[in-house]
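Please read the points below beside the coordinates of the model.

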Amino acid sequence: MEVEVKLRLPDAGAHQRLSDALVPHHLRTHLQENLFFDGAAGELSSRFAVLRIRFYDADSRCVISLKAKARLAGGVSRVEEDEEDIDPALGRACAAETWRLADLAGSSRIMRRVVEEFGSEGKMGSFVCLGGFRNVRAVYGWKEGLMLELDETQYDFGTSYELECETIDPERTKELLERFLKENGVPYSYSEASKFAVFRAGKLLP
């Protein structure tokens, strides 16, 4: 179970102000491309699961992941997640020809799970690409060993900004982050939807 605190920033100005405040803690910045897939008959979405392929930094890395049973309340996200690295060239091939995803079941733990757990009689031979979005993610090594991720997510219909932190103590982490944001004059609210949910809705939250 992945547990994250997710705080939404209202605009680019708030994002820049927080980015400036976090400069001493900056570790790296990733350029991410996220693509999402479902079974042709909606086998994954009908069971509240999503399959994602993420490319990093001009295809220097590729990660395939399966997420399920996501819950987001009070700025705290909980989701069952499994992920593994695959060859970026193979990831691109699967994005271009989605039938290749089923063939990955022989070499990918995650695709074997997808086929066996979500397919009919342990089989799923057809996938569709739902599209996706790009994300600029700055990573920071912050206090108490916490790793912060400051996201600028670029959808076809607009850009959103969010601060995320994976944690085993979400209430304590949320308290620390809220205090830091207030001290630096950064407006925020609790995230109400995942990036995937926003993508599927086709519009930014008001």
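1. Basis. This is a predicted model, in which local features need pLDDT of at least 70 and side-chain atom pairs count only at pLDDT 80 or more, whereas totals for chains, interfaces and linings use all residues. Residues are numbered from 1 along each chain as its sequence is written, and side-chain values use heavy atoms, with hydrogens and water left out.

2. The largest pocket. A pocket here is an open set of points on a 1 Å grid over the protein atoms alone, where a 1.4 Å probe fits, with protein on both sides within 12 Å along at least five of seven lines; its lining residues have an atom within 4 Å of a point. The largest one has a volume of about 1,100 Å³, a volume being the space filled by probe spheres set on the points, which are joined across faces, edges and corners. Its lining is made up of 44 residues, and those closest to the centre are Glu2, Glu4, Arg52, Lys67 and Glu81. Strand β4 (residues 61-73) contributes the most to this lining, with eight residues; strands (E, at least two residues) and helices (H or I, at least four) are DSSP runs, numbered from the N terminus.

3. The second largest pocket. This pocket holds about 220 Å³ of space and has 17 lining residues, with Arg8, Ser160, Tyr161, Leu204 and Leu205 nearest its centre. Two or more lining residues come from each of β1 (2-9), β8 (158-166) and α6 (195-201), and β8 gives the most, with four.

4. Helix α2 (residues 88-96). Pro88, Gly91 and Cys94 are buried, that is, under 20% relative accessible area, with exposed meaning over 50% and partly exposed in between (1.4 Å probe, protein chains only). These three lie on the same side of α2, because they cover an arc of only 120° around the axis, the arc being that of the directions from the helix axis to the C-beta atoms. The face turned away from the buried side carries the exposed residues Ala89 and Ala96. The N-terminal end of α2 is capped by Asp87, a side-chain oxygen of which lies 2.9 Å from the backbone nitrogen of Ala89.

5. Helix α1 (residues 12-21). Which residues of α1 are buried? They are Ala14, His15, Leu18 and Ser19, and they line one face of the helix, because they fall within an arc of 135° when seen down its axis. Asp11 caps the N-terminal end of α1, with a side-chain oxygen 3.2 Å from the backbone nitrogen of Gly13.

6. Helix α4 (residues 109-118). The buried residues are Ile110, Met111, Val114, Val115 and Phe118; they are on the same side of α4, since they cover an arc of only 135° around the axis. They pack against β3, β4, β5 (76-85), α3 and β6, where contact means heavy atoms within 4.5 Å.

7. Glu164. This residue sits in strand β8 and is buried, with a relative accessible area of 2%. Its C-alpha lies 4.6 Å from that of Lys6, although Glu164 and Lys6 are 158 residues apart in sequence. The side chain of Glu164 is joined to that of Arg137 by a polar contact of 3.2 Å (a pair of N or O atoms within 3.5 Å; within protein, one must be able to donate a hydrogen and the other to accept it, and residues adjacent in sequence count only if both atoms are side-chain atoms). Another polar contact, of 2.5 Å, joins the side chains of Glu164 and Lys195.
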